[in-house]
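Me: Got a model open here and a few things to ask. Can we go through it together?
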Amino acid sequence: TTSNLGLNCRIRAPRKSSAPGKLENRSKREILESIQKSCSMEFLREHGLNCSLSVALKKVNRKLANRLWHQWKSKQTQKGKTESTQQGALEDILSKLLEPSRVARDTGDNDSNRVVAGILHESGEWELPVWGRKIPPKERNNPLQACFFLGAVRDMSKVEKGCLLKVASRKEVPLVKVRLGPVAEFTSKILTVVAFHQSCGVLDQSLLKLMDGRKSAGNDQQDSISRKRPREKQSSQTKPVPVPSMHIVMSVPINTNNLTNDLNARTRVLWCIIRCTVVSLWRSRLAGSTDRALPLKVLLTMCFLNDQSLTLDQEFVRPMAERHQAAPSEFQILTSLQTMIQKEKTPMKVKAKLVEVVNTATRDSGGQHCFAIDMLNHDGTKDAGRDLSEYFYSQGKKSTDVQSQNVVVLMSIDNGDATVVNSLARIRRKFAKACQKAGVPLTQGHLLASNTCQDREASIITLLQHFSYQKCLSQIAP
């Protein structure tokens, strides 16, 4: 279980089995019948009893069967004590997590909604209502304290959910099961979106709105755990709908020969290259898969200072997955990037690559319009364009019938070097010219300032993907 306080705790759900009884006065057949009915397959295999009853009767005598039964009982008793201890420890942790913070206690506010627990999962019956509202002032004081729980590598077990429900009920803490969207994503991406909602001040508002709606509907906490979200209506269209695409064009402030897997030469730029590659191409439950439709096709083009470019798509992920590198290390990613650059005997120049990217996005739009966003100015200055977060939240979410448009996003990796300003100006002019020639609308905007987030570049890509899932990315088109 992961909370906004950074705690991660996992327990193993107990295996249900028949409760062992007293068999001392029973026959060998009855003892063996109970052993084969109650014991785990691992235990039966260990003692050669994973066979028919007639064969088992020939293998052991009554004394050995009785000893095996007592051995199994002893294991189950110890196992039950261990699981009971684990659940007790988990309930203690959850109880502390759901305590009001010291700041909230000092305010003396007795509002019952001060602490809220939420389970985040794509199957949640309520979607977090963050859209269609204005971002509140930064100085707004809201005593609400939210604590979210979600599975990391795996989903939360029934036992973990049961412990959370029990603790929340005992402490009279509202518990809701919500989803950020219908698309399953990595935990790191989910936390990025939650942190962005919180930083914009809309998370508290949406939770309060959600709880008010539940009270008016007469829902209880048990419903929030067990009731399933209604299935989405299937489209009656017979014509295949083109998958929307997002092409990230990243200006990288190094030459291609500086792209190295040498740990001693590691810089923030190389770290950002790895992060942007991962959030763009690696998808939850989809890495290396060829039979599952992607809700969004994402491509990443890196433009280097020595006028060379490199484009990555899902074909970069699949070979690594086939080499048992579905979850590769930073070293493996950098090595694969080095290999791709070395194989490019005549790499495409940046200007030609920008023209190709824009034209391809237009051609693959399937009759829909595509547009472009220039996010090179990211510090919120007068040249940075409009605040896209303000626009997304205030405009709200579009109908699921509205198809997302193809989008090309121009970004840069910030290394704090003023000497790359001229390079950024040149790539901006080339990008604007390519969009103008292709008739693609271009707008300027920003999401995160460079001094507000260490992982700014990858976080922006994650947020743009989320906005696309919500069918609201096309709303910023000029």
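Me: Trp72 first. Buried or exposed?
Reply: This is a predicted model. In it, Trp72 has 5% relative accessibility. The cut-off for buried is under 20%, so Trp72 counts as buried.

Me: Which residue does Trp72 form an aromatic pair with?
Reply: Phe43. The pair is tilted, with 55° between the planes and 5.3 Å centre to centre. Phe43 is in helix 2 (residues 41–46) and Trp72 is in helix 4 (residues 62–97). They are 29 residues apart.

Me: And why does Phe43 count as buried?
Reply: Because its relative accessibility is 3%.

Me: How many aromatic pairs in total?
Reply: The count is 3. One of them is Phe196 with Phe467, an edge-to-face pair. That one is 6.4 Å centre to centre, with 70° between the planes.

Me: Where do Phe196 and Phe467 sit?
Reply: Phe196 is in helix 7 (residues 187–199), and Phe467 is in helix 16 (residues 456–469). That links parts of the chain 271 residues apart. Phe196 is buried at 5%, and Phe467 is buried at 0%.

Me: How do strand 8 and strand 10 run?
Reply: Parallel, joined by 4 bridges. Asp374 stands opposite Leu410 of strand 10.

Methods: Residues numbered from 1 in each chain as written. Predicted model: local features only at pLDDT ≥ 70, side-chain atom pairs only at ≥ 80, totals over all residues. Heavy atoms only, no water. Phe/Tyr/Trp six-rings, centres within 6.5 Å; stacked < 30°, edge-to-face > 60°. Helix = DSSP H or I, 4+ residues; strand = E, 2+ residues; numbered from the N terminus. Buried < 20%, exposed > 50% of the residue type's maximum accessible area, 1.4 Å probe, protein only. Pairing = 2+ DSSP bridges.
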